[in-house]
Amino acid sequence: RFELSGAAQTERIISALQHPALTMLGHPTGRLLTSREGYNVDLYQVIDAAKRYDKIVELNANPRRLDLDWTMCRYAQAQGVLISINPDAHRLDSLRNTTRGVQMARKGGLETSDVLNTRSRAEMETFLYQRKQQYSVKET
């Protein structure tokens, strides 16, 4: 839906953030560096909504994406929005992308407490289990 206006695209993403089954917003801009512009979206409003609805935002570390630049990392941190650094690994060797994501996060001033996946496996399992319990969608 790249053709949407900025307002419509922003509202579309905020609407998704409101859904109780959503835990993390991936590909927040949808951009592919050197080949596709991102969505026409107001990331400040999106990050504000992520805070309001207690959602995580992805920092996609794939070098073709780098989808959440350092300035938005800084804004997310100021708003108290948790970031997850994801390598966008579709192959084993792409796990190396994580290093680039850490560099972007550091440039944005993020601390380990601002990044979801700096936690231990046990901490992650507990965090995700609690999230699932807290926000589970009840079937009727």
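This note sets out numbered points on the helices, their packing and the salt bridges of the structure above.

1. Basis of the note. The model is predicted; local features need pLDDT of at least 70 and side-chain atom pairs count only at pLDDT 80 or more, whereas totals for chains, interfaces and linings use all residues. Residues are numbered from 1 along each chain as its sequence is written, and side-chain values use heavy atoms, with hydrogens and water left out.

2. Helix α1. Helices (H or I, at least four residues) and strands (E, at least two) are DSSP runs, numbered from the N terminus. Helix α1 has 13 residues and reaches 18 Å from its first C-alpha to its last, close to the 18 Å expected at 1.5 Å a residue; the expected span is 1.5 Å times one less than the number of residues. The buried residues of α1 are Gly 6, Gln 9, Thr 10, Ile 13, Ile 14 and Leu 17, where buried means under 20% relative accessible area, exposed over 50%, and partly exposed in between (1.4 Å probe, protein chains only). Seen down the axis of α1, these buried residues fall within an arc of 130 degrees, so they line one face of the helix; the arc is that of the directions from the helix axis to the C-beta atoms. The buried residues of α1 pack against β1 and α2, contact meaning heavy atoms within 4.5 Å.

3. Ser 15. Ser 15 is found in helix α1, residues 6–18. At 40% relative accessibility, Ser 15 counts as partly exposed. The C-alpha atoms of Ser 15 and Gly 109 are separated by 28 Å, the two residues being 94 residues apart along the chain.

4. Val 41. Val 41 lies in the loop between β1 (24–25) and α2 and is buried, with a relative accessible area of 17%. Not counting residues up to four places away in sequence, Val 41 touches Gly 6, Gln 9, Thr 10, Ile 13, Pro 28 and Val 46. Val 41 and Gln 9 are 32 residues apart in sequence, yet 5.7 Å apart in space, C-alpha to C-alpha.

5. Helix α2 and its crossing with α3. In α2, Leu 43, Val 46, Ile 47, Ala 49 and Ala 50 are buried. Seen down the axis of α2, the buried residues fall within an arc of 160 degrees, so they line one face of the helix. They pack against α1, β1, β2 and α3. The axes of α2 and α3 come within 10 Å and cross at roughly 35 degrees; axes are lines fitted to C-alpha atoms, for helices over the stretch in contact, and angles run from 0 to 180 degrees between N-to-C directions. The crossing is right-handed, that is, the near helix is turned clockwise from the far one by less than a right angle. At this crossing, Leu 43, Tyr 44, Ile 47, Asp 48 and Lys 51 in α2 meet Met 72, Tyr 75, Ala 76 and Gln 79 in α3.

6. Helix α5. Helix α5 (residues 121–135) has 15 residues and reaches 21 Å from its first C-alpha to its last, close to the 21 Å expected at 1.5 Å a residue. The buried residues of α5 are Met 124, Phe 127 and Arg 131. Seen down the axis of α5, they fall within an arc of 65 degrees, so they line one face of the helix. This buried set packs against β2 (56–60), while the face turned away from the buried side carries the exposed residues Arg 121, Tyr 129 and Lys 132.

7. Salt bridges. The structure holds 4 salt bridges, each defined as a side-chain nitrogen of Lys or Arg within 4 Å of a carboxyl oxygen of Asp or Glu. Arg 131 forms a salt bridge with Asp 54, the closest N and O atoms being 3.3 Å apart. This pair links distant parts of the chain: Arg 131 is in helix α5 and Asp 54 in the loop between α2 (43–52) and β2, 77 residues apart. At 9% relative accessibility Arg 131 counts as buried, whereas Asp 54, at 34%, counts as partly exposed.

8. Further pairs. Asp 88 forms a salt bridge with Arg 65, the closest N and O atoms being 3.5 Å apart. The pair links distant parts of the chain, with Asp 88 in the loop between β3 (83–86) and α4 (97–107) and Arg 65 in the loop between β2 and α3 (70–79), 23 residues apart. Both Asp 88 and Arg 65 are buried. Arg 91 pairs with Asp 93 in a salt bridge, the closest N and O atoms being 2.9 Å apart. Arg 91 counts as exposed at 55% relative accessibility, and Asp 93 is partly exposed, with a relative accessible area of 35%.
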